[in-house]
Amino acid sequence: MKKGPINQSHPIRAIRRIIGIFFLLAVSSPGWAAFSDDAEKPKPEFTRQADRIVAKLIPRGKSTSVLIQFHTPDVKLIGVEGVDFDEAGQKGMDAKDFRSALFAVKAGGLSPGGEIKVALSSNYFTQATELWVLNRALQTPWMNANAMNTERSDRVQELVVTVKDGGPFDSDGAVNGEILLVVGPKDSFWGYALGTLLIRFFGIFLVLGVLMAGMILAGLVFQRLDRRAEASKAAPALRPAAEEPEETPEAIDPETATAIGVALHLHLCALRAAAAMNLERSDGSSWARQGRSQIMRDRLLVHDRAGRK
Amino acid sequence: MTWEYIGDLILSILFTQTGIPNLDLKQVLMLVVALLFIYLAVGKKFEPLLLLPIGFGIFLVNFPLTPLMGYTESGAPDLIRAFYKYGVEWEIIPCVIFLGLGAMTDFGPLIANPKTLIIGAGAQLGVFVTYIGVLFFGFTLREAATVGIIGGADGPTTIYLTAKLAPQLLGANALAAYSYMAMVPLIQPPIMKLLTTRKQRLIRMRQLRPVSTREKLIFPLIATALIVLLCPAVAPLMGMFMFGNFMRESLVVKRLTETAQNALMNIVTIFLGISVGATMQAEVFLTWKPMLIFGFGLLDFVVCTAGGILTVHVMNLFLKDKINPLIGSAGVSAVPMSARVSHNMGIKEDPNNWLLMHAMGPNLAGVIGTAAAAGMFIAMFH
């Protein structure tokens, strides 16, 4: 067997060398700075469309942007802004759970102390999406708004929360006919990560399983076609052979005779060699075994990655 | 003109136009890393086709003030930045490499034994285990996906996915993938021994049936249709792979096939290697992340190998003609290195047990499986 390109007598040394050098590099690095960079922080952009405001943003764990629509059905929607999660103070909360950012929704024109409904809709939300409200004036700043989550006919989920002027969800804290709602759609990060992971792992089995079924089916069809083609080739060949006169030794040309002679000689030599080496134990004739060994050796050369030119 | 003026001029030239005063310790460390990889490629013949240009790329960009990976004032990319931008950032080179790989691949062993596709799927286990593992260390979902795919042992797929999802990790991921691919003969055998008994290693598999030219010709069409229908995100990679294979099997475009196999493949390999190496500038590369990527990359390879072998054990519970579990490790791609490892392990136990062609089946299935995993990840972030 041809030796591989790697010095196998010291297998661990190579791994050690690489890991060692990287350890040195890591020690000399500026620490865990890279981990504190929030590369995926959503940066929403807002546009007004009639009485609605639409936020366009790339959520955490996505490469493409999504749209979230804000709407206050009964009163005027004054504006919506993005709120930085770090600045909002995330005690007890994980920014990763708020994949589509925090928003400050401002609405006005309601009677002081009155109630309004704030609706957030997006095809990015799921049935498991919750709305969490932040009010820093309270002892427990984070609250589950227990929003009503409904699926619309256009495959868009709508989350509706009722907010009372001056109530716990109103961050301005005053009964003034205006509402400031700091709210964020929340999905469990680990639930999503693990759930999607399992689905996708079995997805690979599904893709390759379907391909396997397709190949087995195609294989059966082709084997059948090939057998039929061989049978139709063989059948007409037999019939005229019976009608033709037998081939006489004089009809064989000298080159063919030489080839047959050489083949017989090689075969007998191989038998003698095999007998001498006592290789008779395995299946097949020695001629077949030698041929197979030669073929496999040639194949190994083809698969010699290092030696490939 | 005074001597003082001349002195100032010399100092100014020295500091702004030469590299020596601008060389810092981090760059020196990166130069050492570059020399290490060049040594591994040249001296130890570790994946020299890739590690040599990558090593030289690292070497080149870690000298100060080099106009290689930046942009000019007019916005035109510097030399290697242009290779990177149009080749890697635009995701062209990995797909062209897949075209060449397709043109080089004989799918015969896989077509003759399609069951081995399931082994290729099982060997993706490490991809997902690593994905979860690195999430615990603060990697983002996208970064975790690109680190996970290292265990698929498929360089172009790793580069393709990383360039798409987390380009900041391109250098570390590519280096880890190619380094561990080169070390497959060292990593896999102990796991193979651990997870198999001698009796299992002695299993002789039935001779593969001959595959007709017609069947080989139709395979890329069927495979493309099914895979792209189920996982459209993988179409760029799988489409080019199967296109290359279709050219090969059609036997009517030999010139094109030969170009894809040789000249084109070699050209893009040069540009890919040097571009990937050039992403490893000291200020980007010297963090804990590459260290973790290397650690998890190794774990990834181990779990993928184990996943392939365990899949064979499970399959053998249901199959009449048993599969030798040694070929399970070939389910990680690393074509054809891991198939050779399976073969070598097999003949160590029984010199007449030729497993190479049997192992090529899961090996090729691993390529498809890794591409499918990449497609799943891409789809996940859309």
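Colleague: What percentage of the 309 residues of chain A count as buried?

Modeller: This is a predicted model, in which local features need pLDDT of at least 70, side-chain atom pairs count only at pLDDT 80 or more, and totals for chains, interfaces and linings use all residues. Residues are numbered from 1 along each chain as its sequence is written, while chains are lettered from A and ligands numbered from 1 in the order in which they are written. A residue is buried if 20 or more other C-beta atoms lie within 10 Å of its own, exposed if 12 or fewer, and partly exposed in between, with C-beta atoms placed from the backbone. Of the 309 residues of chain A, the buried share is 23%.

Colleague: How many helices and strands has chain A?

Modeller: Both are DSSP runs numbered from the N terminus: helices are H or I with at least four residues, and strands are E with at least two. For chain A the count is six helices and 11 strands.

Colleague: In what order do the five strands of the open sheet of chain A stand?

Modeller: Two strands pair if DSSP finds at least two bridges between them. Strand β4 (residues 76-83) of chain A meets strand β5 (residues 102-108) of chain A over seven antiparallel bridges, and six bridges join β5(A) to the antiparallel strand β11 (residues 178-186) of chain A. Strand β7 (residues 130-134) of chain A pairs with β11(A) in the antiparallel sense over four bridges. With antiparallel pairing, the order in chain A is β4-β5-β11-β7-β8.

Colleague: Which strands of chain A stand at the edges?

Modeller: An edge strand here has a single partner strand, so one side of it is left without a neighbour in the sheet. From one strand to the next, the twist averages 30 degrees. The edge strands of chain A are β4 and β8 (142-144).

Colleague: Is α14(B) roughly parallel or roughly antiparallel to α15(B)?

Modeller: Axes are lines fitted to C-alpha atoms, for helices over the stretch in contact, and angles run from 0 to 180 degrees between N-to-C directions. Angles under 35 degrees count as roughly parallel, over 145 as roughly antiparallel, 65 to 115 as roughly perpendicular and the rest as oblique. The axes of α14 (residues 213-230) and α15 (residues 235-250) of chain B come within 8 Å and cross at roughly 170 degrees. The relation of α14(B) to α15(B) is therefore roughly antiparallel.

Colleague: How many nonpolar, polar and charged residues has the contact of α14(B) with α15(B)?

Modeller: Ala, Val, Leu, Ile, Met, Phe, Trp, Tyr, Cys and Pro count as nonpolar, Asp, Glu, Lys and Arg as charged, and the others, Gly among them, as polar. By class, the contact of α14(B) with α15(B) has 10 nonpolar, four polar and two charged.
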